[in-house]
Amino acid sequence: MSASDPRPMVRIRRLTKSYGDNVVLRGIDLDIMPSQVVVVIGPSGSGKSTLLRCCNGLELAQDGDIEICGQPLLADGRMLPDGQLNKLREEVGMVFQSFNLFAHLSVLDNVTLGPRKLRRLPRGQAREQARALLEKVGLAHKADAMPASLSGGQKQRVAIARALAMQPRVMLFDEPTSALDPELVGEVLKVMKLLAAEGMTMMAVTHEMSFARDVADVVAVMDHGGIIEAGPPARIFTAPAQPRTREFLQAVLERG
């Protein structure tokens, strides 16, 4: 599947998810095309992170379909068997709010672990690839450091390098800057912008409106478990169709 392929890299239809009586996703439909950046915004509790986690099989929806890279991850609410699911997950890199680095491993070993264990990459090749990725995220000089010695922004950039080491075709970002001090946010967003410029297919949940406005191809606005509108950032930020979108953006931009 290439950037010129008309098929979505991620295809979501009728996605519905509940926790008991609490419905958190209400019939979500969304396409992400190859090399497209889709940014999901909306108030806390609107279902953004749950939607993202469903796209990696970390949450099981009760109904709907999800296709990743042309392969069904979820069909009519039924998830792929574990073996096939784990294989498909290799195509999908995910970066969480928390960094989830292995504290007992160096930065370099954190980045090489996945390719060595899952893709059976020889140690030397994995280390060479990891050093190139650390260079990309501006941390080549921290290859031998331990996670405890890193700032939050550096830890998150290592987490991005670790996800990229599996050579994913889609990257999912779940509020990757929300746990960072404000002065560290920019260094993580810079890496995400670089990936977008290189043509990585991306879906990002974020409260960083400048990133959504400057980098997204499509901004999807969620509220109460549904996508209330979606479109190019120029329209969403200047002439939203829904009053709830205008209300949300006014509150967020005034606060920012």
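Me: Before we count anything, what are helices and strands here?
Reply: Happy to start there! Helices (at least four residues) and strands (at least two) are DSSP runs, and they are numbered from the N terminus.

Me: Thanks! How many helices and strands does the protein have?
Reply: Keep in mind that this is a predicted model. Its secondary structure comes to nine helices and eleven strands.

Me: How compact is the protein?
Reply: Let's compare it with a rule. For 256 residues the globule rule gives 18 Å, and the radius of gyration of the protein is close to that, at 18 Å. The protein is therefore as compact as a globular protein of that length.

Me: What share of the 256 residues is buried?
Reply: A residue counts as buried when its relative accessible area is under 20%. In the protein, buried residues make up 53%.

Me: Is leucine 51 buried or exposed?
Reply: First, find leucine 51 in helix 1, residues 48-54. Its relative accessible area is 0%, and the cut-off for a buried residue is under 20%. So leucine 51 is buried.

Me: Which residues does leucine 51 touch?
Reply: Good follow-up! Here we leave out residues up to four places away in sequence. The ones that leucine 51 touches are then Ile12, Leu15, Leu25, Ile28, Met203 and Met222.

Me: What separation do the C-alpha atoms of leucine 51 and glycine 226 have?
Reply: Along the chain, these two residues are 175 residues apart.

Me: What span should helix 4 have?
Reply: Helix 4 covers residues 123-136, which makes 14 residues. The expected span uses 1.5 Å times one less than the number of residues. The end C-alpha atoms of helix 4 are 20 Å apart, and this agrees with the span it should have, 20 Å.

Me: Why do the buried residues of helix 4 line one face?
Reply: Those buried residues are Ala126, Gln129, Ala130, Leu133 and Leu134. An α-helix has 3.6 residues a turn, so residues three or four places apart point the same way. Looking down the axis of helix 4, the buried residues line one face because they fall within an arc of 140 degrees.

Me: Which exposed residues does the face turned away from the buried side of helix 4 carry?
Reply: The buried residues of helix 4 pack against helix 3 (107-117) and helix 5 (152-164). On the face turned away from that buried side, the exposed residues are Glu128 and Glu135.

Me: Which glycine follows helix 4?
Reply: Look for a residue whose phi is positive, near 80 degrees. The one that follows helix 4 is glycine 138.

Methods:
Residues numbered from 1 in each chain as written. Predicted model: local features only at pLDDT ≥ 70, side-chain atom pairs only at ≥ 80, totals over all residues. Heavy atoms only, no water. Buried < 20%, exposed > 50% of the residue type's maximum accessible area, 1.4 Å probe, protein only. Arc of directions from axis to C-beta. Contact = heavy atoms within 4.5 Å. Rg over C-alpha atoms; globule rule 2.2 N^0.38 Å.
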